[in-house]
Amino acid sequence: MARFVFVTGGVVSSLGKGIASASLGAILEGRGLKVSLVKLDPYINVDPGTMSPFQHGEVFVTNDGAETDLDLGHYERFVRTTSTRNSNFTTGRIYESVIAKERRGDYLGATVQVIPHITDEIQRCIHLGAGDADICMVEVGGTVGDIESLPFLEAIRQMAVDLGRSNYVFMHLTLVPVVGGGEIKTKPTQHSVKELRSIGIQPDVLLCRSRDQLPEEQRRKISLFTNVEPRAVISAVDADDIYKIPLLLREQNLDDIVLERFGISAPTTDLSGWVEVVEAKFKTNAEVHIAMVGKYVATRDAYISLNEALMHAGLKTGTRVKVHYVESTDIEREGTGRLAGMDAILVPGGFGERGIQGKIEAVRYARENNIPYLGICLGMQVACIEFARNRLGLSDANSTEFNSSTTNPIIALITEWRDLKGDTVKRDERSDLGGTMRLGAQTAQLEQDSEAARTYGATVIRERHRHRFEFNNTYLDPMRAAGLRFSGFSEDGLVEVIELPGHPWFVAVQFHPEFTSTPRDSHPLFVGFVRAARHFSQSRGRSVSAPASAS
């Protein structure tokens with residue numbers, strides 16, 4: 001049976017519960033234990049798939065096709081375990097399940113209530129997410145005191161009673177602010193723990209988020225007023241690199257505290273991989289400037305996996321990657337001037353018509369100026385549209401997502417040009433939004449002599465998708481004749497990868513490779529892209545810089 005570490009947060013939101021959970025998971029995994037992670041989100045949406053990136057940030061897609069919270073991206077970057085749809089549960093999903101059971105008559109006419117029916121369902125879902133792991137990290141979203149989180153907190157309180165004292169740990173993350181002339185204030189932490197204790201949960205470990213290491217005096221004061229032993233009051237100091245956090249927590253023996261509570265004897269922690277990741281930042285010998293032309297650049301969390309994937313590729317290639325965020329609507333108003341001097345251009349995914357012309361102009365700038373280009377999902381689609389307009393002469397080429405009446409639907413719903421068996425259907429047989437979403441990991445076949453195959457070092461790959469519109473295969477032959485190469489296809493014949501022969505590096509893909517990039521195993525597509533940016537930079541006379549200083 002799995003043991004559980006329940007992670008809660010207090011004082012303010014966004015303190016880093018996800019990274020804290022993932023970091024402890026990484027340490028425990030380094031001790032030879034199998035770790036799973038579960039995120040409980042208090043919002044009523046069934047999943048974040050329809051939520052605005054400006055509000056929620058990135059939607060992380062799992063192998064099995066679930067649209068989930070961005071914290072699952074942190075989990076997969078820190079821990080080897082692959083997340084599934086059972087790694088993220090929302091209030092909406094919990095209630096949806098309970099209501100479906102009530103409609104079927106599963107409750108035999110009983111009055112359905114938060115306790116026990118909702119809390120029982122939450123516990124069932126937590127056990128599902130734990131699977132066959134030795135230890136399951138369970139992160140409860142929101143802040144203690146929020147009304148939305150109460151059912152989840154009550155569920156883990158009940159669960160602890162059933163599990164028995166040696167099978168769970170309550171870990172609470174709080175804020176220890178510094179005010180005035182540098183005075184450290186412990187009162188917010190005291191009140192947060194008091195709130196948690198009032199609903200029946202006594203924390204075993206406190207992670208105290210602070211600017212600097214907590215002095216011994218403050219640790220003992222927090223311990224006294226929260227009933228947490230002094231050694232379990234852990235300083236979660238602000239770090240300039242999130243990948244240092246497993247090392248910082250290990251220095252304070254957090255894993256020993258947890259394993260002692262569980263009565264588990266495990267080998268000494270091996271964090272050599274994390275040491276290498278942290279040290280790699282100081283072993284760079286070049287710098288590249290990459291323009292990310294997106295629609296949500298005002299919210300960096302909207303592209304968090306992309307940012308990390310670029311950084312991972314930098315670690316792999318010894319390159320400092322400087323990302324310049326360019327709002328695609330600014331290109332529409334001001335032109336492509338902000339792309340001048342860039343060593344590479346990346347156009348990421350997105351939905352909706354806003355900013356599309358700016359993305360198309362960014363593609364054209366990269367193509368005509370021989371600047372390395374990487375297109376992801378929508379970035380592949382706008383590359384096809386740009387090529388059709390400016391090389392094939394189809395001036396009204398478009399996606400039916402943006403113009404349903406275009407006479408040249410280069411990008412369209414499958415049902416607007418053919419079904420999966422290849423039979424032509426009428427253009428007006430449009431599917432609804434959910435009916436055509438392609439989600440999760442799928443296999444693609446790459447042409448053997450293609451840039452994509454060279455980059456991957458393979459001709460069969462498996463990548464995660466999140467889109468509903470596809471390249472219209474009726475345009476394959478004319479686009480090929482005009483010089484565009486289609487170098488990757490899905491098992492059912494859908495375009496997955498395009499390239500531009502003769503260009504220094506121009507690759508665009510329909511899937512999302514950023515979701516599987518990790519700091520210890522960077523993704524080959526981003527490594528290839530960053531290497532191309534290095535070569536382009538050096539071809540323009542930029543000298544290789546000295547290694548970065550650790551200071």
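Mentor: Helices (H or I, at least four residues) and strands (E, at least two) are DSSP runs counted from the N terminus. By that rule, Thr518 sits in the loop between strand 23 and helix 18 (524-539). The model is predicted, so local features require pLDDT of at least 70 and side-chain atom pairs pLDDT 80 or more, whereas totals for chains, interfaces and linings use all residues. Residues are numbered from 1 along each chain as its sequence is written, and side-chain values use heavy atoms, without hydrogens or water.

Trainee: Why is Thr518 called buried?

Mentor: The term buried applies under 20% relative accessible area, exposed applies over 50%, and partly exposed lies in between (1.4 Å probe, protein chains only). Thr518 has 14% relative accessibility and therefore counts as buried.

Trainee: Which residues does Thr518 touch, not counting residues up to four places away in sequence?

Mentor: Contact means heavy atoms within 4.5 Å. With those sequence neighbours, up to four places away, left out, Thr518 touches Glu76, Arg77, Arg80 and His312. Glu308 is 210 residues from Thr518 in sequence, yet the C-alpha atoms of the two are 7.8 Å apart in space.

Trainee: What makes Glu496 buried?

Mentor: Glu496 has 0% relative accessibility, and therefore it counts as buried. Glu496 belongs to strand 22. Beyond residues up to four places away in sequence, its contacts include Met380, Arg438, His465 and Phe511.

Trainee: Why is Pro504 called partly exposed?

Mentor: The relative accessible area of Pro504 is 48%, and Pro504 is therefore partly exposed. Pro504 lies in the loop between strand 22 (495-499) and strand 23 (506-509). From C-alpha to C-alpha, Pro504 and Asp255 are 48 Å apart in space and 249 residues apart in sequence.

Trainee: What makes the phi of Ser14 worth noting?

Mentor: Most residues other than glycine have a negative phi, and most peptide bonds are trans. Ser14 is not a glycine, yet its phi is positive, at about 60°. Ser14 occupies the loop between strand 1 (3-9) and helix 1, and its 72% relative accessibility makes it exposed.

Trainee: What is the phi of Asn227, and where is Asn227 found?

Mentor: Asn227, likewise a residue other than glycine, has a positive phi near 65°. The loop between helix 8 (216-226) and strand 11 (233-237) holds Asn227. With a relative accessible area of 55%, Asn227 is exposed.

Trainee: Which kind of peptide bond, cis or trans, joins Ile115 and Pro116?

Mentor: The bond is cis, with omega at about 15°. Pro116 is placed in helix 5 (residues 114-130).

Trainee: Why are helix 1 and helix 10 called roughly perpendicular?

Mentor: Axes are lines fitted to C-alpha atoms, for helices over the stretch in contact, and angles run from 0 to 180 degrees between N-to-C directions. Angles under 35 degrees count as roughly parallel, over 145 as roughly antiparallel, 65 to 115 as roughly perpendicular and the rest as oblique. Helix 1 and helix 10 (residues 254-262) pack at about 75°, with axes 10 Å apart. The two helices are therefore roughly perpendicular to each other. Helix 1 contributes Leu24, Ile27 and Leu28 to the contact, and helix 10 contributes Leu254, Asp255, Val258 and Leu259.

Trainee: What makes one space a cavity and another a pocket?

Mentor: On a 1 Å grid over the protein atoms alone, a cavity is a set of points where a 1.4 Å probe fits but cannot get out; a pocket is an open set with protein on both sides within 12 Å along at least five of seven lines, and lining residues have an atom within 4 Å of a point. Grid points are joined across faces, edges and corners, and a volume is the space filled by probe spheres set on the points. This gives one cavity of 30 Å³ or more. The largest cavity holds about 90 Å³, and its lining includes Gly349, Cys377, Glu401 and Arg466. Helix 15 (378-390) and strand 19 (460-467) each give two or more residues to that lining.

Trainee: How many residues line the largest pocket?

Mentor: There are 27, with Ser14, Lys39, Asp69, Leu70 and Asp71 nearest the centre of the largest pocket. Its space is about 670 Å³. Helix 1 (17-29), strand 2 (35-41), helix 2 (53-56) and helix 3 (71-78) each supply at least two lining residues. The second largest pocket has about 350 Å³ and 21 lining residues, with Pro53, Val59, Tyr296, Ala302 and Arg466 nearest its centre.
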